[in-house]
Amino acid sequence: MELQAVVMAAGGGSRMMDLTYSIPKPLLPIGNKPLIWYPLSLLERVGFEEVIVITTKEAQKEVQKLLLTETKLKPDIVCVQEDADMGTADALRHIQQKIKTDVLVVSCDLITDAALHEVVDLFRVHNATLSMLMSKAHEFTETVPGQKGKKKAGEQRDFVGVDDSGKRLLFMANEADLDEDLVIRKSIMRRHPRMHIKTGLVDAHLYCLKRSVIDFLAENKSISSIRGELVPCLVRKQFSKFSSLQKNKEEPNQNMKKKDNHIASADDDLLELALNRSCWNDHRGDMCGAYHGGKLRCYVHIMEEGMCYRVNTLAAYIEANRLASKLFEEPAIHPSAVISERSVVGSDSIIGTYCQIAEKASVKRSTIGASTTIKEKAKITNSIIMNGVTIEEGCNIQGSVICSHATICRGADIKYCLVGNSQRVEAEGDQRLP
Amino acid sequence: MAGRVGKPSRSSGGPGGSGRKGGEQEEEEQPLQAVLVADSFNRRFFPISKDQPRALLPLANVAMIDYTLEFLTSTGVQETFVFCCWMSNKIKEHLLKSKWCRPTSPNVVRIITSDLYRSLGDVLRDVDAKALVRSDFILVYGDVVSNIDVTQALQEHRSYPALSRQRRKAEKNISVMTMIFKQSSPGHKSRCEEDDIIVAMDSKTKRVLHYQRTQGLKKLQFPMNIFHSVSDEFEIRYDLLDCHISICSPQVAELFTDNFDYQTRNDFVRGILVNEEILGNQIHLYVTMDGYGARVSNLLMYDAVSSDMVRRWIYPLTPEANFTDRKGQECTHSRHNVYRGAGVSLGHGSHMAENVLIGRDTSIGANCHISNSVIGSNCTIGDNVVLDRAYVWNGVHIASGAVIRQSVLCDGVKVKERVTLNRQWLCLQVVVGPDISLPEGTVVSMHHPDEEDEEDEDEFLSDGADNSSNQAKTKLKAFSAAEVGAEGKGYIWRPVKQDDTEDDELVQCLWGLVLNDQNSESESEVSEDSNDLDSRGMSPELDDVKVFQTEVLGTLQRGMEENISCDNLVLEINSLKYAYNITLKEVMQVLMRVVLEFPFQQQGPQLAAVQYCALLLRLLKKWAPVFRNYVKRAPDQMDCLESLEEFFLEHETHWGAMVKVLMELYQLDILEEELIMRWFSDGVTSAKSRQLRKNPGLLKFIQWLEEAEDESSEEDGQ
């Protein structure tokens, strides 16, 4: 077994509370599949047989069920307490005992059609300490319920510096952490004289990490998040010198630095020899050996095209729903659904199990969850309807999200709204984007 | 063309005058113009530039300005304005004789001279005043060697939004300049530390966002606002060599006029980038991968470009091409890049290894070994001479047995028997030897270095200074036989001469611009790494004392400059103390430390003990009231002594000064003898501090104190 897969599914979904207060984030339906199904199927597609899922008590049962029914993966579900405020790195530290090899960490909210082997290949080829996946950021075109106009520029941009090949990760910082200047050491520039700084990237939260990094985490309890602390720390450490460190540090530090060394000295002798004997080099322009003798190397694969979403905001959720159908082969309309012949169901819609769609109803570019009833003359466009919803006659629903077991009474007109769990929208109500 | 003979066209009111009324269409057809600045406005090549303007210094036996003109001509320039200042007559004379001023020349050279130019800014302001340029023009220095075809860059420059007369308001952003860079990795020999730059650019539009010289920097800082543009991809490039060739829009000259404080192109670029948002002027860059372009800005570059020339990197500009079309410049090219002019005689057993260029009528004796060298015309070289990386100009005599490595010998130099030269620079007419070897990195000139100081200070921004008036002043100072040999003629120039004028353009150690900061760098890496993990949370508190220290230093510096009274200084330090929440004890330590380091801050760390002491004592006297304000009780004095000791333990070489400092503090009644004694006997903490206490000066002082104490107690007893 080369890599162990770990799926992080303990997050609370704090950026889309409207949706997650009733459903745990991993189970949010996207294209009538729970969110966590997507990373799991990604792993299964590329041939993983086992997976460690870190999740909360709340979601444990459902996840277990899902793993057994929907995938052939052999699951190992670890529960963490939701309110313990654990970061992703804390979670990794938590399962340190279970990790025997290098790991592939995936977040449960990743929906992508990325070729996973690209990331893993970088990891293998360069014997990297870290390799990760990033993608061009998407503009969300759909109007988001409850948000007027476009939410823009509030997000802090990430500055990601890569070398000329676009693979080696040289610099990483968040706009929020930078004061007035972006500071880069000259020695880095000397080794990699042409640095591309990209700002329009999103981190897919998919990482390949060396086993030694887990040990490093165990040593450094202060690191709590992979993205926020571990990755920037590793990126910085690529260019620091270890040998000179050990002399002038006091005891506790010394241990840590030794560990650093440990993270780094991953090259075995044979590989070392191969590097010495071959004329291969990872860079051009100077006469130094490959990697400038650095043992710690971080790489990133940047997806230029294809689909890569992190479902962590409402906007992303809606967007993902729209695109999810491309990711699985099953028919868009479940065979058990009862659809009247005189209704209009667009081919870009997904209809779940045991749905009932009555005459003259029309469903376009929407996702309809299981056991939902849509009555006569209802019009649904661009919306996400979860399970067990009842939509009565003559409703007009546009660009909205209707959570499970809600009832929309006759003749309601709903535009760009988010209707909560088990809510009842009264007849002739006219809900619009405030 | 009317002005084909290179007369100063100043009188004609500027040839651009007629072009002004031309419409859009005419603009397209306008001939490409260039502004060539045949003066460097610095003294990198001093003292040779005293006798010969830099543009005329021979590089591979051809004057540098010829390369520049050839480059301009071959790239399609049809009209070149040559601006001369220092020794303009010589340049003019040279150009009038050259092929550029023949009627057939495709490039019309107009020479404009003025003694008033002090900088590139002055030149461009004059360009604007005389309305010389009509459309985009190329701006180069007279010491640029290049074979880049700028047509492509010119096209790109024209494709950027430009300010045309019709749509003056329509375009918000306009491109005023395209700088041309050559891609070359760090550490390439044609990149010299001094001219290293870092550029931040927008990947898509090739717009320059940030441009900075990196000399002496360890960390490169980029202001965040440059990343606020629409684009989401930026590049930070450290692999660029500035060719000092720029394509300018006519606005450049106007901008120089508008901003009278722009002196150099650096000022200009910085000014444009800083004010980009307001004025909407942009600078773009063009990177060439295969062309060659370099500015011979110092001796190191002279060496690099010369050897590139001989090694044919600047094809088609090669020594045997004789592009200047002068009689006697022809030479033949044979294997291993050996070039020989006409009439070269080579003695028996002499060997020209590789990369050698020998000018016309030079005779070389027997058993010589020559490699990587350029030798001018009419030189005589004796037997058994070794030349390696030597640049020998015209009419040089080298006697038998001389060994010359990495040196420049200017016109008419005589090197006597068995002289060894390594990294030397011998100026015109100098004679050295026999049997002498000079220390590395010396400059020998017929001009006495002291002449220099006597000169009018105004002159020093130019290539050299007016020397005719000085000739008289130069009394016949004797040549030192110890320095230049028994038959030697010439004065040694000390390379340390630093006049802190013009930005950072100081005279560096001659050949010594080496990349040696690798070691120091690792230190910074260590320090950075140590706090990168553990101290993230607590660093602010830790730093407070540091910040306080720099603030105190700043306060004292200002106090020094503006002559602020001690009372006010105390007031300021007190307020800083509260601002950073510093204890009184720390204030003491920091204050002591800052004052002790003050002379180093002012004069640089190599300050000798004696000067240090003198400076420090003056400071102590001046700021005695400040000390008295803080050092009152016995513990304060102990703290004071401890930080004093700490400081001197770090500066072993200055232990001599310590006694003087103690003495001064004692006499100023800041420290009491009793406490000094107590410190001396008790405060031993390490082997080194014990060693410090064995310093003879200190012992003497302590003894003196003891005696004084005895006396006083005796007096008391009586």
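**Close-ups of a predicted two-chain model**

**View 1. Asp636(B), tucked into helix 19.** Asp636(B) sits in helix 19 (residues 634-650) of chain B; helices here are DSSP runs of H or I with at least four residues, strands are E runs of at least two, and both are numbered from the N terminus. With a relative accessibility of 7%, Asp636(B) counts as buried, a label that means under 20% relative accessible area, with exposed meaning over 50% and partly exposed in between (1.4 Å probe, protein chains only). Skip the neighbours within four places in sequence, and Asp636(B) is in contact with Met588(B), Tyr630(B) and Val631(B), where contact means heavy atoms within 4.5 Å.

A quick note on the ground rules: this is a predicted model, in which local features need pLDDT of at least 70 and side-chain atom pairs count only at pLDDT 80 or more, while totals for chains, interfaces and linings use all residues. Residues are numbered from 1 along each chain as its sequence is written, chains are lettered from A and ligands numbered from 1 in the order in which they are written, and side-chain values use heavy atoms, leaving out hydrogens and water.

**View 2. The seven-stranded sheet of chain B.** This open sheet runs in the order 5-4-1-6-13-8-14, and its pairing is mixed. At the edges are strand 5 (108-113) and strand 14 (281-288) of chain B, each pairing on one side only. From one strand to the next, the twist averages 25 degrees. Pairing here asks for at least two DSSP bridges between two strands. Look at strand 1 (residues 33-37) and strand 6 (residues 137-141) of chain B: they run parallel and are joined by five bridges. Val35(B) is set opposite Leu139(B) of strand 6. Helix 3 (residues 88-97) of chain B lies across strand 4 (79-84) and strand 5, at about 165 degrees to strand 5; axes are lines fitted to C-alpha atoms, for helices over the stretch in contact, and angles run from 0 to 180 degrees between N-to-C directions.

View 3. Pro316(B) belongs to the loop between helix 9 (299-310) and strand 16 (331-334) of chain B. Though not a glycine, Asp325(B) has a positive phi of about 60 degrees. Asp325(B) is partly exposed, at a relative accessible area of 43%.

**View 4. Turning from strand 16 into strand 17 of chain B.** Strand 16 and strand 17 (residues 338-341) of chain B are antiparallel partners over four bridges. One pair to pick out is Thr332(B), whose bridge partner in strand 17 is Arg340(B). Three residues lie between the strands of this hairpin, and His336(B) takes a positive phi near 60 degrees there.

**View 5. Asn378(B), between two strands.** The loop between strand 23 (373-375) and strand 24 (380-381) of chain B holds Asn378(B). Asn378(B) is another residue other than glycine with a positive phi, near 55 degrees. Its relative accessibility of 42% makes Asn378(B) partly exposed.

**View 6. Strand 8 of chain A and its two partners.** Strand 8 (residues 130-136) of chain A is mostly covered, with six of its seven residues buried. Strand 13 (residues 201-209) of chain A pairs with strand 8 in the antiparallel sense over six bridges. Strand 14 (residues 298-303) of chain A runs parallel to strand 8, and six bridges join the two. Leu130(A) has Leu209(A) as its bridge partner in strand 13, and stands opposite Cys298(A) in strand 14.

**View 7. Helix 8 of chain A, mostly under cover.** Ten of the twelve residues in helix 8 (residues 226-237) of chain A are buried. At the start of helix 8, a side-chain oxygen of Ser225(A) comes to within 3.4 Å of the backbone nitrogen of Arg227(A).

**View 8. Chain A as a whole.** Chain A has eleven helices and 32 strands, and buried residues make up 56% of its 434 residues.

Note on methods:
Polar contact = N/O pair within 3.5 Å; in protein donor to acceptor, adjacent residues only side chain to side chain.
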